[in-house]
Amino acid sequence: MATYKPVVVQQFPKLGERITQDTVYWRGYKTPVQIKEFGAINKIDFSPVAPYNYAVTASSRIHIYGRYSQEPIKTFSRFRDAAYCATYRGDGNLLVAGSEEGSIRLFDISGKAPLRQFDGHTKAVHVAGFLSDKYRIFSGGDDYSSNLWDIPSGTEIVSFSEHTDYVRCGCASKVNADVFITGSYDHTVKLFDARTRSSIMTIDHGQPVESVLLFPSGGLLVSAGGRYVKVWDILKGGQLLVSLKNHHKTVTCLCLNSSGQRLLSGSLDRHVKIYSTTSYKVVHSFNYATSILSLALSPEDETIVVGMTNGVLNVKHRKPEERKEKSQQKRQPAYRTYMKGRTYMPKQEDFFVSKPAKHVLRKYDKLLKSFQSSKALDAVLEPPIRLHTPEVTVAVMQELHRRGTLRSALAGRDEKQINLLLTFVARRVIEPRFTPVLVTVADMITDIYHPVVGQSAIVDRQFLKLQEAIGKEIDYQEELLEVLGMMDTLFASFTKKRDTYLGDKQNNGLTKMIETNANN
Amino acid sequence: MVAAAGLRVVRCGGSSLHGARAVFSADCKYLLCASGDFVKMYSLATEETLRLMGGHGDLVTGIQLNPHNHMQLYSSSLDGTIKLWDFMDGIPIKTFTVGSKLLALYALPGSEDSVFVVTPKNGEGDAFQLVSVKLTKGAGQDLEARELSVVLDDVAASPKCIAFGREGEYVASVKEVNLQVYFFKQKQLNRFAVGGMKTKSGNSHFSCIACHPTEDCIATGHADGKIRLWRNFHHKKEYTFSTLHWHHDTVMDLAFSVEGSNLLSGGVESVLVLWLNVSDRQKDFLPRLGSPIEYISVSPDGALTCTLHKDNRITIINSNLRFSKSIQGLIKSTDLKTGLVVDPRTKALVLNGEPGHLQFYCLQTDQQLFSLDIVQRQYIHQAGLNQTDLVKIAFSAQGKWLATVEEREEATDPELQLKLWFYDEETQSFKLNTRINMPHEDHITDMCFRDMDELEDDSLVLVTTGRDCVFKVWVMVEDTDPEAQQSVSWSCDFVGSYHSYQATNCCFSEDGSLLAVSFEETVTVWDSVSWDLKCTFCYPTGKLRNICFGRLTCSKYLIGATDNGFLCCWNLLSCALEWSAHLNILVLQPDPLSEYIAAISWLSKESSLFVFKPNKQWPIYIQRNLCKEKIQLAAFVPRDEPEVIGTEKYLWLRRSQLFFLTDTQELMTLSTKSLEERLTPSSKQLAVEETLPVTPFSLLLGKHRQQQSQEDTDLGKRVVGNKPEQDSPAVKELLHTPAHVLPSASFLCPIFINSLLIPKENKSVEEVADEVEMQSENTEEDSDEERDVTEMEQDDTNPMELLGEMTCKVSKSQERELRKIRKMDYSWISAF
């Protein structure tokens with residue numbers, strides 16, 4: 001003997017974005033914290049040592065933020081004009097920043113006044129950073145030059161004037177203390193060695209270079225400029241590995257995650273895209289409110305900080321791992337009585353009496369079980385079900401239709417209920433998953449209630465709405481058929497004449513048969 | 001054992017149980033049912049079929065326990081005979097030939113040696129009468145019973161329409177709108193009628209009747225779902241009736257409980273209604289019994305109720321209206337659309353079961369293994385509803401995947417669903433993997449898997465053909481989604497069509513490289529890798545009914561059967577017609593393990609079987625007149641081990657067995673073995689309580705007393721079958737053997753004493769027992785042996801030595817005798 005079988009509510013697979021491990025990982029951030037800065041944020045840099053503070057360069061100030069602080073814990077504001085590119089040294093003790101007036105300043109994290117000031121650039125310095133030996137600083141300026149500075153003496157070691165446009169980005173190799181690269185608006189990325197007098201490699205990116213990045217191994221170089229992100233193999237003499245075009249506006253910043261497995265790029269098109277560094281496919285993307293200028297990821301991917309053109313700093317923290325044992329501990333006292341004997345293991349001679357599993361039926365199922373069709377329909381027309389899970393409503397309607405009682409369940413309703421029903425049908429009838437059932441329902445409603453048309457303005461209006469919705473849908477379908485016809489002709493003209501039939505693979509849910517002339 | 005000369009058609013199961021109400025044996029351990037031409041006996045404890053009693057030449061229409069001997073059973077049949085059976089042994093005791101068709105049988109304790117039967121009235125086609133038949137006491141087995149006396153005229157044919165009242169004082173019969181009650185003593189006939197068919201809720205025709213066991217009360221069921229309780233029907237005018245109404249459709253059967261306090265009713269709603277106290281209309285329900293209730297019967301001790309359902313299922317229900325167990329053989333479904341498919345895993349036959357379910361039917365035990373719910377929706381038993389039907393099933397080669405198609409007729413388009421089920425090793429059942437809504441725009445006509453044993457899963461391909469003129473290829477896709485529970489799902493890979501003809505059949509070649517799809521009159525052959533059309537075949541002016549590829553050595557042939565009566569064989573290498581034959585083939589079934597193909601034709605009211613190899617035009621085996629009914633479906637079931645078959649003619653039955661299903665849903669097979677061999681597994685030892693325990697107290701005390709009395713004096717009386725463990729076989733034998741052949745008491749005493757001691761070595765005692773048993777058998781059998789025993793008595797008192805000597809003394813001829821006796825089946829002895 002069978003028990004009552006509840007109504008099967010069909011689950012439809014969600015179309016569009018597929019959930020992968022990456023989406024799960026990158027979605028694991030809390031809602032962002034927004035901090036307003038004084039101007040466009042051109043650089044965010046995380047301290048490489050423990051508390052992982054980060055320096056935000058915006059307007060004429062450099063703010064240092066703690067991990068969870070919303071107020072800056074330290075500010076360097078000794079700039080007359082805009083400051084650029086505040087970067088930590090490898091030990092997290094020193095900070096270097098370029099400035100609009102052409103000087104480069106070196107700060108101690110604990111102090112306030114700059115330790116050194118390097119003057120030599122004639123125009124704004126947009127890029128500055130430490131070489132990996134910690135004692136030298138490289139910089140690039142709008143005077144087309146890339147310089148190398150000695151920290152102890154505070155003097156210029158060497159100046160390269162090979163770029164023919166503004167130098168706007170650069171980075172130092174972590175493997176070799178003498179190597180650094182700069183990218184310029186003259187579309188090139190140049191690789192310099194402090195031991196030589198000229199650049200050792202020039203890579204043509206094709207667009208003004210906005211950002212460059214070296215992989216930790218030092219073998220691969222990533223450059224961003226225009227809409228492109230390009231990956232080059234330095235060891236092969238600057239061969240282009242892959243060119244990514246996933247943004248539709250200029251890519252402004254690049255960043256690697258802590259494991260080096262993912263590459264992030266921020267762009268003026270308000271998106272951050274995350275690429276896998278093995279397949280160079282976009283695995284996830286973030287959406288922001290305004291154009292993105294700078295981007296940084298803390299060690300262990302704990303925090304994503306994004307700086308915008310409008311001076312908003314967007315900070316996202318990772319959600320803590322959920323701890324289940326903690327919640328269980330909390331519940332234990334309250335459930336003590338129920339938990340009693342829960343852990344008892346039956347011995348061999350024990351006679352085991354199993355508790356019958358209790359089947360909890362939904363309200364509409366209970367009503368359907370007792371054949372109360374009208375009430376079951378009422379139950380699924382209640383707002384929570386009707387609005388949030390329309391598939392349940394439709395499934396119950398289908399079940400009623402299957403039982404042959406849909407007509408009687410729909411009949412005998414007052415103005416308010418008809419209004420409700422018609423609103424639901426008019427809204428949902430165009431959804432393909434509901435159409436077959438709701439067309440039948442709409443049919444029956446018009447059938448049952450056509451004698452009362454004209455007696456209530458509300459019901460009349462709903463009927464007109466339904467008519468409108470269906471009319472629109474029909475027009476839409478006709479258009480689609482037209483497009484399908486066009487595509488058929490196109491495909492047919494592309495296909496070679498052969499003696500067999502061809503079927504193409506299913507594409508975007510549309511299946512088309514292409515028939516060529518047959519052999520008999 | 002010599003191989004039998006010919007093949008015989010053997011019925012395996014699945015015949016209708018609708019002949020009569022089921023009957024409980026007096027001790028409520030067994031259930032007896034009329035099943036087609038047979039009477040079946042089931043054990044209520046194990047749900048097993050214990051006995052199949054055959055002998056009637058036509059449908060069995062009534063079974064009743066002999067009211068004077070509860071070990072015996074009367075059965076009546078349409079062939080005009082009443083048989084008296086000893087149902088514990090399955091032996092027919094007597095056959096009474098009445099002459100005319102018997103439509104129902106009733107036996108009363110009051111009437112000494114007569115039973116009541118319903119027979120057609122002479123001359124008139126559809127008028128029936130209730131007659132009492134005097135069963136003459138004669139010596140022979142076959143007796144004539146010609147002494148008929150008409151009791152009631154103008155009765156209905158159904159056995160449900162006549163009931164005998166309290167202690168057989170009256171008989172009540174209903175027909176259409178009339179109720180007639182005949183009192184035997186007063187010889188008075190009262191007629192009553194209910195008010196016509198003018199009521200708005202349907203007609204009030206009578207459908208069934210039941211009489212109260214202790215009071216003067218008759219319950220009648222009506223076609224409009226009402227139950228009327230009649231009282232005071234002694235008076236022609238002052239009779240009264242009250243009405244109970246719950247059923248919305250015809251009341252199919254009624255039964256009073258043993259004490260008469262409750263009334264049970266059932267109908268097409270498949271709900272058993274218990275009217276608790278008949279007068280104050282309290283009721284209780286047991287809903288969702290699966291299918292319409294046909295008959296209700298109550299066990300004599302009142303503990304169990306049994307309902308017989310329209311789909312040949314028997315449900316046993318406790319006295320507190322709880323479902324206890326169900327006995328289900330081959331479930332009869334209204335429309336067998338799925339065909340006969342063999343589950344590669346269990347070797348069970350798989351076909352439509354109860355609505356929306358697949359039944360897995362075990363051929364060896366004639367039981368349903370399990371029922372798989374495919375549709376997963378509540379089934380509403382109501383006439384005129386469009387129900388979801390299961391129409392197609394297919395298994396992958398190892399039974400790992402199951403594909404099912406269900407459809408529901410709608411006014412506009414049929415509602416179709418293709419479901420793919422994965423066999424879950426852990427739960428040992430199929431689990432839904434993918435559901436595809438509307439796989440085709442019209443009905444699906446055929447479906448098959450590419451079954452390749454040796455290849456990996458990714459070669460698994462499903463092909464469906466539809467009336468929407470296309471065939472579709474479905475493949476498995478890996479799911480990269482980590483959150484989804486399953487790693488694979490199915491999706492459409494290719495859609496093919498041919499001249500916008502309807503696709504009717506599909507099948508893969510043995511190696512899976514070619515797919516044949518028939519489009520009305522044409523067979524198209526496709527490459528299964530690139531899905532290119534390779535070639536087409538057609539036979540003029542005949543739509544193809546079946547196609548199949550040859551196997552093994554004949555894999556280059558493609559066989560097709562057309563609906564204008566041709567069987568064609570095409571050679572795939574030369575792309576030409578190899579041969580054709582004029583045969584109206586209904587079923588074309590290739591053996592999966594050999595190259596033989598069975599074709600069943602239907603010609604002028606008889607089905608014939610042709611077995612052939614595709615490389616030869618001439619069939620290897622022909623069986624004309626396989627059976628009278630149209631054969632709908634057939635299937636080869638692989639044998640567990642190849643059978644040894646002597647003649648070359650039947651070599652095609654070596655690897656697999658052919659089963660086929662007729663129109664009336666009887667499952668048949670072809671067998672070379674004789675009937676006795678086939679029946680051996682069912683001849684099990686049975687035991688029935690001779691004395692019926694009345695109360696639990698007497699059960700306790702009575703057992704004690706019984707033992708005592710038997711040991712004292714009552715040696716003649718046979719011992720109860722199920723004895724406590726302490727009783728050694730020696731004691732049993734001692735008590736079983738008739739007194740006149742027993743050795744002297746002084747000799748038997750030590751054996752008896754020994755047997756009461758707790759033995760040190762079990763083995764020796766068992767040996768003793770065995771030998772003693774053998775001895776006693778011999779003594780019973782003939783007097784020669786008896787002499788030996790008497791000799792033996794005088795020899796020695798030590799039983800152990802005695803045995804050795806005895807075996808020495810037996811001469812060669814006697815030894816032969818002994819061996820013969822040992823071979824004979826004496827198991828029936830211990831039944832007593």
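Author: In this predicted model, the secondary structure of chain A comes to 11 helices and 30 strands. Chain B has 9 helices and 57 strands.

Reader: What share of the residues of chain A and of chain B counts as buried?

Author: Of the 520 residues of chain A, 45% count as buried. For chain B, with 832 residues, the figure is 53%. A residue is called buried when its relative accessible area is under 20%. The accessible surface of chain A comes to about 28,100 Å², of which 53% belongs to carbon and sulfur atoms; that of chain B comes to about 37,900 Å², with 50% belonging to such atoms.

Reader: Why is A:Ser291 called buried?

Author: The relative accessibility of A:Ser291 is 19%. The limit for a buried residue is under 20%, so A:Ser291 counts as buried. This serine is placed in the loop between strand S25 (282-287) and strand S26 (292-297) of chain A. Its side chain reaches the backbone oxygen of A:Leu268 at 2.8 Å. Among the residues that A:Ser291 touches, beyond those up to four places away in sequence, are A:Ser267, A:Gly307 and A:Thr309.

Reader: Why is A:Glu300 called exposed?

Author: A:Glu300 has 59% relative accessibility, and exposed means over 50%; therefore A:Glu300 counts as exposed. A:Glu300 lies in the loop between S26 and strand S27 (303-308) of chain A.

Reader: What makes the phi of A:Glu300 and of A:Tyr280 worth a remark?

Author: Most residues other than glycine have a negative phi. A:Glu300, which is not a glycine, has a positive phi of about 65°. A:Tyr280 is not a glycine either, and its phi is positive at about 55°. A:Tyr280 is found in the loop between strand S24 (271-276) and S25 of chain A. At a relative accessible area of 15%, A:Tyr280 is buried.

Reader: How do you know that H11(A) has the span expected of a helix?

Author: H11(A) has 38 residues and reaches 56 Å from its first C-alpha to its last. At 1.5 Å a residue, 56 Å is expected, and the span is close to that value. At the start of H11(A), a side-chain oxygen of A:Ser456 reaches to within 3.3 Å of the backbone nitrogen of A:Ile458.

Reader: Which elements do the buried residues of H11(A) pack against?

Author: The buried residues of this helix include A:Val459, A:Phe463 and A:Leu466. The buried residues of H11(A) pack against helix H9 (415-428) and helix H10 (435-449) of chain A. A:Arg428 lies in helix H9. The C-alpha atoms of A:Arg428 and A:Leu466 are 9.9 Å apart, although 38 residues separate the two in sequence. With a relative accessible area of 8%, A:Arg428 is buried.

Reader: Why is A:Leu490 called partly exposed?

Author: A:Leu490 has 48% relative accessibility. A:Leu490 is found in helix H11 (residues 457-494) of chain A. Together with A:Phe491 and A:Phe494, A:Leu490 makes a nonpolar surface patch of about 320 Å².

Reader: How do you know that B:Glu415 and A:Arg402 form a salt bridge?

Author: The closest N and O atoms of B:Glu415 and A:Arg402 are 3.4 Å apart. The cut-off for a salt bridge is within 4 Å, so the pair qualifies. B:Glu415 lies in strand S37 (residues 415-424) of chain B and A:Arg402 in helix H7 (residues 390-403) of chain A, so the pair joins two chains. Both B:Glu415 and A:Arg402 are buried. Over all chains, a search finds 31 salt bridges.

Reader: What salt bridges does B:Arg313 form with B:Asp311 and B:Glu354?

Author: In the salt bridge between B:Asp311 and B:Arg313, the closest N and O atoms are 3.0 Å apart. B:Glu354 and B:Arg313 meet in a salt bridge at 3.3 Å, N to O. B:Glu354 lies in the loop between strand S32 (349-352) and strand S33 (357-362) of chain B and B:Arg313 in strand S29 (residues 313-318), so this pair ties together parts that are 41 residues apart in sequence. B:Arg313 is buried, with a relative accessible area of 6%.

Technical notes: Residues numbered from 1 in each chain as written. Chains lettered and ligands numbered in written order. Predicted model: local features only at pLDDT ≥ 70, side-chain atom pairs only at ≥ 80, totals over all residues. Heavy atoms only, no water. Patch = residues over 30% accessible without salt bridge, like charges linked within 9 Å, V, L, I, M, F, W, Y side chains within 5 Å. Areas by Shrake-Rupley, 256 points an atom, 1.4 Å probe, with all protein chains shown as cover. Salt bridge = Lys/Arg side-chain N within 4 Å of Asp/Glu carboxyl O. Helix = DSSP H or I, 4+ residues; strand = E, 2+ residues; numbered from the N terminus. Buried < 20%, exposed > 50% of the residue type's maximum accessible area, 1.4 Å probe, protein only. Polar contact = N/O pair within 3.5 Å; in protein donor to acceptor, adjacent residues only side chain to side chain. Contact = heavy atoms within 4.5 Å. Expected span 1.5 Å × (residues − 1).
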